Amino acid sequence: MTDTPIAVVTGASSGIGAATARRLAAEGYEVVLTARRAERIEALAAELTDAGRAARAHALDVTDRAAVDAFAAALGRCDVLVNNAGGALGMDRVADADPGDWRTMYEVNVLGVLNVTQALLPALTASGAGTVLVVSSTAGHGTYEGGAGYVAAKHGAHVLAETLRLEIVDRPVRVIEIAPGMVRTEEFSLVRFGGDAEKAAKVYQGVAEPLTADDVADTIAWAVTRPPHVNVDLLVLRPRAQASNTKVHREA
Ligand code: 8X3
């Protein structure tokens, strides 16, 4: 076994996950990229390897517990787990929301984090200085109209992180939560609005500088690379133009 620490990143096929994988690879981690879309993570792993970084890809659906367990068994060592896989579906009000969308959001944003965290906790503990990081959202800390399904799921992810930190305080594993606000990525809003590019673009309309995936990856890398006794419990980051979930400055 080499001394290179291993960082697993879920949802590494695009956006914050891909940016985080790039960044942690540059920080000297061997990154294990996971996502459902094999071609995307294989391409990114190849790009990183060609650039002299240590990276490999493993296709994984975090909601498939048997697949997650098999992944963990094959992995062996794990020093850092970045639970990034997640997403929003729809902006429907409670009165009209689709329960199927809510179920899917709970599955990926909460049970996905639970599955991978449970499966990798023994390896993270065995590392002697493990880190579980949960990419939640400002939606995990306050609500907004049309957001209830996603907000409820992200509150679940926040509660999971906060509770786990209490429960494993006697283990050498930190639990970090990073809660980003408005981040402009190629897919988050597009997926939320079922591929409607116009609706997706409106989310960021007039906002001077939404956060980028690299901004969030930078924050994740900072938190992960603090000395092991330093636990960044929770870090909320937003673009300057977003003062709260419902207060966003838009230029005409
Ligand atoms: C994304 C932030 O405001 O779309 O996690 O819920 S928001």
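Start with α1 and helix α2 (residues 38-50), whose axes lie 11 Å apart and pack at an angle of about 20°. The two helices are therefore roughly parallel to each other, since angles under 35 degrees count that way. Keep in mind as you go that this is a predicted model. Look along the pair and you'll find that α1 and α2 make a right-handed crossing. To see what touches, show side chains for Ala18, Ala21, Arg22 and Ala25 on α1, then Leu44, Glu47 and Leu48 on α2. Colour that α1–α2 contact by class and you get five nonpolar residues, two charged ones and no polar ones.

**Next stop: α1 against α8**

The crossing of α1 with α8 is right-handed. On the α1 side, select Gly15, Ile16, Ala19, Thr20, Arg23 and Leu24. Their partners in α8 are Ala213, Asp214, Val216, Ala217, Asp218, Ile220, Ala221 and Val224. Sorted by class, this contact between α1 and α8 holds nine nonpolar, two polar and three charged residues.

**Then: α4 and α5**

Hide those and pick helix α4 (residues 99-126) together with helix α5 (residues 148-167). Their axes come within 7 Å and cross at roughly 20°. That makes α4 roughly parallel to α5. Check the handedness while you're there: α4 and α5 cross in a right-handed way. From α4, bring up Trp102, Met105, Tyr106, Asn109, Val110, Val113, Leu114, Thr117 and Leu121. Facing them in α5 are Ala148, Gly149, Tyr150, Ala153, Lys154, Gly156, Ala157, Leu160 and Leu164. What classes of residue make up the contact of α4 with α5? The tally is 13 nonpolar, four polar and one charged.

**Last stop: the ligand**

Leave Tyr150 displayed; besides its place in the α4–α5 contact, Tyr150 is one of the residues around the ligand. Now try some distances. From Ser137, a polar side-chain atom sits 2.6 Å from an oxygen atom of the ligand. For Tyr150, an N or O atom in the side chain is 2.7 Å from a ligand oxygen atom. Finish on Arg192, where a polar side-chain atom lies 3.4 Å from an oxygen atom of the ligand.

Definitions and conventions:
Residues numbered from 1 in each chain as written. Predicted model: local features only at pLDDT ≥ 70, side-chain atom pairs only at ≥ 80, totals over all residues. Heavy atoms only, no water. Left-handed = near helix turned anticlockwise from the far one by under 90°. Helix = DSSP H or I, 4+ residues; strand = E, 2+ residues; numbered from the N terminus. Contact = heavy atoms within 4.5 Å. Nonpolar A, V, L, I, M, F, W, Y, C, P; charged D, E, K, R; others polar. Near = heavy atom within 4 Å. Polar contact = N/O pair within 3.5 Å; in protein donor to acceptor, adjacent residues only side chain to side chain. Axes fitted to C-alpha atoms, helices over the stretch in contact; angles between N-to-C directions. Parallel < 35°, antiparallel > 145°, perpendicular 65-115°, else oblique.
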